[in-house]
Amino acid sequence: MTKETSLEDRFQHYVDAENKIEPKDWMPEKYRKTLIRQISQHGHSEVVGMLPEANWLTRAPSLRRKVALLAKVQDEAGHGLYLYSAAETLGADRMDMVKDLLSGKAKYSSIFNYPTPSWADMGAIGWLVDGAAIANQVMLCRTSYGPYARAMVKICKEESFHQRQGYEIMISLANGTPTQRKMAQDALNRWWWPSLMMFGPTDDLSPNSAQSMKWKIKRKSNDELRQEFIDKTVPQAEYLGLSIPDKDLKWNEETKHYEHGEIEWTEFYDVIKGNGKCNKQRLIARNKAHDNGEWIREAANAYAKKQSERKKHQAA
Ligand code: BYC
(Lines give C-alpha, C1' and ligand atoms only; values in the text may rest on other atoms or scores of the structure.)
Protein backbone atom coordinates (compact mmCIF):
# COMPACT_ATOMS: atom_id res chain seq x y z
CA MET A 1 0.00 0.00 0.00
CA THR A 2 1.51 3.37 -0.98
CA LYS A 3 1.68 6.20 1.58
CA GLU A 4 -0.85 8.21 -0.46
CA THR A 5 -3.31 5.28 -0.59
CA SER A 6 -3.18 4.77 3.13
CA LEU A 7 -3.73 8.47 3.72
CA GLU A 8 -6.69 8.33 1.34
CA ASP A 9 -8.11 5.33 3.20
CA ARG A 10 -7.80 7.13 6.53
CA PHE A 11 -9.41 10.19 5.00
CA GLN A 12 -12.33 8.10 3.75
CA HIS A 13 -12.82 6.49 7.17
CA TYR A 14 -12.74 9.91 8.79
CA VAL A 15 -15.42 11.17 6.37
CA ASP A 16 -17.47 7.97 6.77
CA ALA A 17 -17.50 8.57 10.54
CA GLU A 18 -19.23 11.90 9.82
CA ASN A 19 -16.27 14.09 10.83
CA LYS A 20 -15.87 17.48 9.20
CA ILE A 21 -12.74 18.18 7.16
CA GLU A 22 -11.16 21.50 8.14
CA PRO A 23 -8.79 23.67 6.06
CA LYS A 24 -5.57 22.47 7.71
CA ASP A 25 -6.46 18.75 7.58
CA TRP A 26 -4.86 16.53 4.98
CA MET A 27 -7.15 15.92 2.03
CA PRO A 28 -6.77 14.22 -1.36
CA GLU A 29 -5.87 16.76 -4.04
CA LYS A 30 -8.95 15.74 -6.03
CA TYR A 31 -11.21 16.43 -3.02
CA ARG A 32 -9.72 19.93 -2.74
CA LYS A 33 -10.12 20.58 -6.49
CA THR A 34 -13.68 19.25 -6.56
CA LEU A 35 -14.63 21.55 -3.70
CA ILE A 36 -12.98 24.59 -5.27
CA ARG A 37 -14.86 23.82 -8.50
CA GLN A 38 -18.23 23.41 -6.81
CA ILE A 39 -17.89 26.23 -4.26
CA SER A 40 -16.57 28.76 -6.79
CA GLN A 41 -19.34 27.86 -9.28
CA HIS A 42 -21.82 28.22 -6.45
CA GLY A 43 -20.35 31.64 -5.50
CA HIS A 44 -20.48 32.79 -9.13
CA SER A 45 -24.12 31.67 -9.33
CA GLU A 46 -25.02 33.83 -6.36
CA VAL A 47 -23.24 36.84 -7.87
CA VAL A 48 -24.67 36.45 -11.39
CA GLY A 49 -28.00 35.50 -9.78
CA MET A 50 -28.39 39.09 -8.65
CA LEU A 51 -28.75 40.31 -12.23
CA PRO A 52 -32.14 38.94 -13.39
CA GLU A 53 -33.82 40.33 -10.27
CA ALA A 54 -31.87 43.56 -10.07
CA ASN A 55 -33.54 44.25 -13.42
CA TRP A 56 -36.80 44.84 -11.50
CA LEU A 57 -35.57 46.84 -8.49
CA THR A 58 -36.49 50.19 -9.97
CA ARG A 59 -39.87 48.92 -11.18
CA ALA A 60 -41.20 47.01 -8.16
CA PRO A 61 -44.96 47.71 -7.84
CA SER A 62 -44.82 49.02 -4.24
CA LEU A 63 -42.34 50.17 -1.61
CA ARG A 64 -42.91 46.96 0.38
CA ARG A 65 -42.13 44.79 -2.65
CA LYS A 66 -39.10 46.91 -3.44
CA VAL A 67 -37.66 46.62 0.09
CA ALA A 68 -38.10 42.82 0.10
CA LEU A 69 -36.55 42.42 -3.36
CA LEU A 70 -33.66 44.73 -2.49
CA ALA A 71 -32.96 42.73 0.68
CA LYS A 72 -33.03 39.49 -1.32
CA VAL A 73 -30.63 40.76 -3.98
CA GLN A 74 -28.25 42.05 -1.29
CA ASP A 75 -28.42 38.64 0.44
CA GLU A 76 -27.23 36.99 -2.79
CA ALA A 77 -24.18 39.27 -2.84
CA GLY A 78 -23.45 38.21 0.74
CA HIS A 79 -23.79 34.53 -0.20
CA GLY A 80 -21.27 35.04 -2.99
CA LEU A 81 -18.81 36.52 -0.49
CA TYR A 82 -19.18 33.68 2.06
CA LEU A 83 -18.65 31.17 -0.72
CA TYR A 84 -15.58 32.88 -2.16
CA SER A 85 -14.18 32.96 1.40
CA ALA A 86 -14.90 29.24 1.81
CA ALA A 87 -13.06 28.54 -1.48
CA GLU A 88 -10.11 30.67 -0.26
CA THR A 89 -9.72 28.35 2.75
CA LEU A 90 -8.84 25.64 0.18
CA GLY A 91 -6.09 27.78 -1.33
CA ALA A 92 -8.09 29.31 -4.21
CA ASP A 93 -7.25 32.90 -5.07
CA ARG A 94 -10.26 35.23 -5.12
CA MET A 95 -9.00 37.36 -8.01
CA ASP A 96 -8.38 34.22 -10.09
CA MET A 97 -11.95 33.07 -9.41
CA VAL A 98 -13.32 36.50 -10.36
CA LYS A 99 -11.19 36.60 -13.52
CA ASP A 100 -12.49 33.17 -14.58
CA LEU A 101 -16.05 34.36 -14.13
CA LEU A 102 -15.48 37.59 -16.06
CA SER A 103 -13.73 35.85 -18.96
CA GLY A 104 -16.54 33.31 -19.31
CA LYS A 105 -14.23 30.39 -18.37
CA ALA A 106 -16.02 29.56 -15.11
CA LYS A 107 -19.44 27.99 -14.94
CA TYR A 108 -22.37 29.38 -12.98
CA SER A 109 -25.92 28.07 -12.68
CA SER A 110 -27.74 27.64 -16.00
CA ILE A 111 -30.87 29.21 -14.50
CA PHE A 112 -29.51 32.76 -14.58
CA ASN A 113 -29.27 32.83 -18.35
CA TYR A 114 -33.02 33.26 -18.81
CA PRO A 115 -34.68 36.69 -19.20
CA THR A 116 -37.06 38.36 -16.73
CA PRO A 117 -39.54 40.28 -18.91
CA SER A 118 -42.35 40.48 -16.33
CA TRP A 119 -42.84 41.33 -12.64
CA ALA A 120 -44.30 37.83 -12.21
CA ASP A 121 -40.80 36.51 -12.90
CA MET A 122 -39.80 37.89 -9.48
CA GLY A 123 -42.46 35.66 -7.97
CA ALA A 124 -41.48 32.63 -10.02
CA ILE A 125 -37.76 33.04 -9.30
CA GLY A 126 -38.29 33.28 -5.55
CA TRP A 127 -40.76 30.41 -5.50
CA LEU A 128 -39.10 28.02 -7.97
CA VAL A 129 -35.44 29.02 -8.28
CA ASP A 130 -34.91 29.68 -4.59
CA GLY A 131 -37.13 26.67 -3.83
CA ALA A 132 -34.83 24.49 -5.97
CA ALA A 133 -31.79 26.12 -4.39
CA ILE A 134 -33.08 25.27 -0.91
CA ALA A 135 -33.71 21.63 -1.86
CA ASN A 136 -30.10 21.41 -3.05
CA GLN A 137 -28.54 23.50 -0.30
CA VAL A 138 -30.18 22.00 2.78
CA MET A 139 -28.16 18.84 2.09
CA LEU A 140 -25.04 21.00 1.73
CA CYS A 141 -25.39 22.12 5.38
CA ARG A 142 -24.17 18.56 6.07
CA THR A 143 -21.41 18.52 3.45
CA SER A 144 -18.13 17.07 4.67
CA TYR A 145 -16.05 20.27 4.31
CA GLY A 146 -16.52 22.35 7.48
CA PRO A 147 -16.30 25.94 6.12
CA TYR A 148 -18.72 25.14 3.26
CA ALA A 149 -21.20 23.42 5.61
CA ARG A 150 -21.17 26.35 8.05
CA ALA A 151 -21.61 28.94 5.28
CA MET A 152 -24.61 26.99 4.01
CA VAL A 153 -26.48 27.21 7.33
CA LYS A 154 -26.83 30.99 7.12
CA ILE A 155 -27.41 30.89 3.36
CA CYS A 156 -30.30 28.41 3.76
CA LYS A 157 -32.03 30.58 6.36
CA GLU A 158 -31.92 33.50 3.92
CA GLU A 159 -32.99 31.36 0.96
CA SER A 160 -36.09 30.36 2.82
CA PHE A 161 -37.05 34.05 3.22
CA HIS A 162 -36.42 34.44 -0.54
CA GLN A 163 -38.66 31.51 -1.35
CA ARG A 164 -41.47 32.94 0.78
CA GLN A 165 -41.23 36.42 -0.73
CA GLY A 166 -41.50 34.86 -4.21
CA TYR A 167 -44.40 32.61 -3.30
CA GLU A 168 -46.21 35.54 -1.73
CA ILE A 169 -45.91 37.48 -5.00
CA MET A 170 -47.35 34.43 -6.80
CA ILE A 171 -50.26 34.24 -4.32
CA SER A 172 -51.12 37.91 -4.97
CA LEU A 173 -50.93 37.54 -8.74
CA ALA A 174 -52.79 34.22 -8.84
CA ASN A 175 -55.61 35.78 -6.81
CA GLY A 176 -55.56 39.07 -8.72
CA THR A 177 -57.13 40.24 -11.96
CA PRO A 178 -57.30 37.89 -14.99
CA THR A 179 -54.28 39.70 -16.44
CA GLN A 180 -52.27 39.17 -13.24
CA ARG A 181 -53.27 35.50 -13.19
CA LYS A 182 -52.12 35.17 -16.77
CA MET A 183 -48.78 36.79 -15.88
CA ALA A 184 -48.32 34.26 -13.04
CA GLN A 185 -49.10 31.29 -15.31
CA ASP A 186 -46.82 32.61 -18.02
CA ALA A 187 -43.93 32.97 -15.54
CA LEU A 188 -44.52 29.42 -14.24
CA ASN A 189 -44.52 28.14 -17.84
CA ARG A 190 -41.16 29.77 -18.54
CA TRP A 191 -39.37 28.91 -15.23
CA TRP A 192 -40.57 25.35 -14.54
CA TRP A 193 -38.27 23.39 -16.88
CA PRO A 194 -35.16 25.54 -16.33
CA SER A 195 -35.71 25.08 -12.55
CA LEU A 196 -35.67 21.30 -12.98
CA MET A 197 -32.41 21.62 -14.95
CA MET A 198 -30.78 23.50 -12.04
CA PHE A 199 -30.21 20.16 -10.28
CA GLY A 200 -27.80 19.12 -13.02
CA PRO A 201 -27.76 16.16 -15.42
CA THR A 202 -29.48 12.86 -14.61
CA ASP A 203 -27.49 10.60 -12.28
CA ASP A 204 -26.32 8.28 -15.07
CA LEU A 205 -24.87 11.29 -16.95
CA SER A 206 -23.43 13.20 -13.97
CA PRO A 207 -19.65 12.66 -14.10
CA ASN A 208 -18.89 14.13 -10.66
CA SER A 209 -21.69 12.69 -8.54
CA ALA A 210 -20.37 9.25 -7.57
CA GLN A 211 -17.08 10.52 -6.13
CA SER A 212 -18.70 13.59 -4.55
CA MET A 213 -21.26 11.36 -2.82
CA LYS A 214 -18.51 8.99 -1.61
CA TRP A 215 -16.69 11.96 -0.08
CA LYS A 216 -19.99 13.25 1.31
CA ILE A 217 -19.57 16.56 -0.51
CA LYS A 218 -22.98 15.79 -2.00
CA ARG A 219 -25.42 13.93 0.24
CA LYS A 220 -28.12 13.30 -2.32
CA SER A 221 -27.98 12.74 -6.06
CA ASN A 222 -29.16 15.22 -8.71
CA ASP A 223 -32.22 13.08 -9.52
CA GLU A 224 -33.16 12.52 -5.87
CA LEU A 225 -33.13 16.28 -5.22
CA ARG A 226 -35.04 17.03 -8.42
CA GLN A 227 -37.73 14.55 -7.35
CA GLU A 228 -37.96 16.06 -3.84
CA PHE A 229 -38.40 19.51 -5.42
CA ILE A 230 -41.15 18.31 -7.79
CA ASP A 231 -43.04 16.50 -5.01
CA LYS A 232 -42.95 19.60 -2.83
CA THR A 233 -43.75 22.13 -5.55
CA VAL A 234 -46.67 20.52 -7.42
CA PRO A 235 -49.07 20.93 -4.44
CA GLN A 236 -47.92 24.56 -4.12
CA ALA A 237 -48.90 25.16 -7.77
CA GLU A 238 -52.27 23.49 -7.08
CA TYR A 239 -52.82 25.81 -4.13
CA LEU A 240 -52.20 28.76 -6.47
CA GLY A 241 -54.62 27.26 -9.01
CA LEU A 242 -51.86 27.31 -11.66
CA SER A 243 -50.92 24.45 -14.02
CA ILE A 244 -47.47 22.89 -14.23
CA PRO A 245 -46.53 22.98 -17.95
CA ASP A 246 -45.94 19.22 -18.21
CA LYS A 247 -48.64 17.09 -19.82
CA ASP A 248 -46.91 13.91 -18.60
CA LEU A 249 -46.87 14.92 -14.94
CA LYS A 250 -48.76 12.40 -12.85
CA TRP A 251 -48.90 11.12 -9.28
CA ASN A 252 -47.74 7.54 -8.80
CA GLU A 253 -49.68 6.07 -5.90
CA GLU A 254 -47.24 3.17 -5.52
CA THR A 255 -44.01 5.16 -5.32
CA LYS A 256 -45.73 8.17 -3.70
CA HIS A 257 -43.88 10.44 -6.12
CA TYR A 258 -44.82 12.53 -9.16
CA GLU A 259 -43.62 11.23 -12.51
CA HIS A 260 -42.58 13.94 -14.93
CA GLY A 261 -42.06 14.37 -18.66
CA GLU A 262 -38.75 14.44 -20.54
CA ILE A 263 -36.39 17.29 -19.71
CA GLU A 264 -34.87 19.03 -22.78
CA TRP A 265 -31.24 18.25 -21.97
CA THR A 266 -30.01 19.72 -25.25
CA GLU A 267 -31.26 23.10 -24.00
CA PHE A 268 -29.37 22.64 -20.70
CA TYR A 269 -26.07 21.78 -22.42
CA ASP A 270 -26.53 24.66 -24.83
CA VAL A 271 -27.00 27.10 -21.95
CA ILE A 272 -23.97 25.86 -20.00
CA LYS A 273 -21.88 26.10 -23.18
CA GLY A 274 -22.66 29.83 -23.24
CA ASN A 275 -25.48 29.83 -25.79
CA GLY A 276 -28.46 30.61 -23.56
CA LYS A 277 -30.69 33.65 -24.12
CA CYS A 278 -28.78 35.85 -21.66
CA ASN A 279 -25.25 34.40 -21.24
CA LYS A 280 -23.62 37.24 -23.17
CA GLN A 281 -25.71 39.92 -21.48
CA ARG A 282 -24.84 38.54 -18.01
CA LEU A 283 -21.10 38.58 -18.68
CA ILE A 284 -21.24 42.09 -20.10
CA ALA A 285 -23.14 43.28 -16.99
CA ARG A 286 -20.67 41.58 -14.59
CA ASN A 287 -17.67 43.01 -16.43
CA LYS A 288 -19.21 46.47 -16.35
CA ALA A 289 -19.92 46.20 -12.61
CA HIS A 290 -16.35 44.99 -12.01
CA ASP A 291 -14.88 47.89 -13.99
CA ASN A 292 -17.11 50.36 -12.16
CA GLY A 293 -15.79 49.00 -8.87
CA GLU A 294 -12.15 49.67 -9.74
CA TRP A 295 -12.04 52.90 -7.72
CA ILE A 296 -13.26 51.20 -4.55
CA ARG A 297 -10.70 48.38 -4.88
CA GLU A 298 -7.98 51.02 -5.37
CA ALA A 299 -9.20 52.95 -2.31
CA ALA A 300 -9.41 49.79 -0.17
CA ASN A 301 -5.91 48.71 -1.22
CA ALA A 302 -4.48 52.17 -0.53
CA TYR A 303 -6.11 52.14 2.92
CA ALA A 304 -4.75 48.66 3.70
CA LYS A 305 -1.27 49.75 2.57
CA LYS A 306 -1.42 52.86 4.74
CA GLN A 307 -2.55 50.86 7.79
CA SER A 308 0.28 48.38 7.40
CA GLU A 309 2.84 51.23 7.03
CA ARG A 310 1.43 52.86 10.20
CA LYS A 311 1.73 49.55 12.11
CA LYS A 312 5.34 49.10 10.93
CA HIS A 313 6.13 52.67 11.97
CA GLN A 314 4.58 52.15 15.44
CA ALA A 315 6.48 48.87 15.92
CA ALA A 316 9.83 50.50 15.01
N1 BYC B 1 -25.77 25.00 -14.28
O2 BYC B 1 -21.42 16.02 -12.55
P3 BYC B 1 -22.43 17.09 -12.30
C4 BYC B 1 -28.92 30.25 -5.99
C5 BYC B 1 -22.30 21.27 -14.55
S6 BYC B 1 -27.51 29.83 -6.82
C7 BYC B 1 -24.52 25.03 -14.78
O8 BYC B 1 -23.76 16.66 -11.82
P9 BYC B 1 -21.83 18.33 -9.77
C10 BYC B 1 -29.58 31.54 -6.19
C11 BYC B 1 -21.37 20.86 -13.43
O12 BYC B 1 -20.77 21.99 -12.83
C13 BYC B 1 -27.72 28.10 -7.14
N14 BYC B 1 -23.69 23.97 -14.76
O15 BYC B 1 -21.78 18.20 -11.33
C16 BYC B 1 -28.81 32.68 -6.40
C17 BYC B 1 -20.41 19.96 -14.17
O18 BYC B 1 -19.49 20.75 -14.92
P19 BYC B 1 -17.88 20.78 -14.61
C20 BYC B 1 -26.43 27.42 -7.43
C21 BYC B 1 -24.16 22.84 -14.19
O22 BYC B 1 -20.96 19.47 -9.38
C23 BYC B 1 -29.44 33.91 -6.67
C24 BYC B 1 -21.31 19.29 -15.21
O25 BYC B 1 -22.44 20.13 -15.37
N26 BYC B 1 -26.34 26.29 -6.56
O27 BYC B 1 -29.33 29.43 -5.27
O28 BYC B 1 -21.57 17.02 -9.12
C29 BYC B 1 -30.84 33.99 -6.71
C30 BYC B 1 -21.75 17.91 -14.79
O31 BYC B 1 -22.63 17.95 -13.65
C32 BYC B 1 -25.43 22.75 -13.63
C33 BYC B 1 -25.19 25.62 -6.45
O34 BYC B 1 -24.21 25.92 -7.07
C35 BYC B 1 -26.26 23.88 -13.69
N36 BYC B 1 -27.51 23.90 -13.22
O37 BYC B 1 -23.35 18.69 -9.46
C38 BYC B 1 -31.58 32.83 -6.46
C39 BYC B 1 -25.21 24.49 -5.42
N40 BYC B 1 -25.61 21.51 -13.14
O41 BYC B 1 -17.71 21.62 -13.37
C42 BYC B 1 -30.97 31.62 -6.18
C43 BYC B 1 -23.88 23.81 -5.27
C44 BYC B 1 -24.48 20.84 -13.41
O45 BYC B 1 -17.47 19.35 -14.36
N46 BYC B 1 -23.59 22.96 -6.39
N47 BYC B 1 -23.62 21.63 -14.04
O48 BYC B 1 -17.30 21.42 -15.83
C49 BYC B 1 -24.02 21.68 -6.49
O50 BYC B 1 -24.75 21.17 -5.66
C51 BYC B 1 -23.53 20.86 -7.67
O52 BYC B 1 -22.38 21.50 -8.19
C53 BYC B 1 -24.58 20.68 -8.78
C54 BYC B 1 -23.92 19.90 -9.94
C55 BYC B 1 -25.74 19.85 -8.26
C56 BYC B 1 -25.08 22.01 -9.33
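**Note on aromatic pairs and a charged patch**

1. Phenylalanine 199 and phenylalanine 229 are both buried. The model is a predicted one, and the points below should be read that way.

2. A search of the whole structure gives 11 aromatic pairs. Tryptophan 127 and tyrosine 167 make up one that is tilted, at 5.6 Å centre to centre and 50° between the planes. This pair links distant parts of the chain. Tryptophan 127 sits in helix α6 (residues 120-140) and tyrosine 167 in helix α7 (residues 146-174), 40 residues apart.

3. Phenylalanine 199 and phenylalanine 229 form a tilted aromatic pair, with 5.6 Å centre to centre and 45° between the planes. Phenylalanine 199 lies in the loop between α8 (178-197) and α9 (209-214), while phenylalanine 229 belongs to helix α10 (residues 222-240), so the pair ties together parts 30 residues apart in sequence.

4. Which residues do ring pairs link into a cluster? They are Phe11, Trp26, Tyr31 and Trp215.

5. On the surface, a patch of negative charge gathers Glu262, Glu264, Glu267 and Asp270. Glutamate 267 is placed in helix α11 (residues 265-275). Its relative accessibility is 31%, so glutamate 267 counts as partly exposed. Patch members need over 30% relative accessible area.

How values were computed:
Residues are numbered from 1 along each chain as its sequence is written. This is a predicted model: local features need pLDDT of at least 70, side-chain atom pairs count only at pLDDT 80 or more; totals for chains, interfaces and linings use all residues. Side-chain values use heavy atoms; hydrogens and water are left out. Patches are made of residues with over 30% relative accessible area and no salt bridge: like charges are joined within 9 Å, nonpolar side chains (Val, Leu, Ile, Met, Phe, Trp, Tyr) within 5 Å. Accessible areas come from the Shrake-Rupley method with a 1.4 Å probe; for residues, only the protein chains shown count as cover. A salt bridge is a side-chain nitrogen of Lys or Arg within 4 Å of a carboxyl oxygen of Asp or Glu. Lys and Arg count as positive and Asp and Glu as negative; His and the chain ends are not counted. The place of a charge is taken as NZ of Lys, CZ of Arg, CG of Asp or CD of Glu. Helices (H or I, at least four residues) and strands (E, at least two) are DSSP runs, numbered from the N terminus. Buried means under 20% relative accessible area, exposed over 50%, partly exposed in between (1.4 Å probe, protein chains only). Rings of Phe, Tyr and Trp (its six-membered ring) pair if their centres lie within 6.5 Å; planes under 30 degrees apart count as stacked, over 60 as edge-to-face and the rest as tilted.
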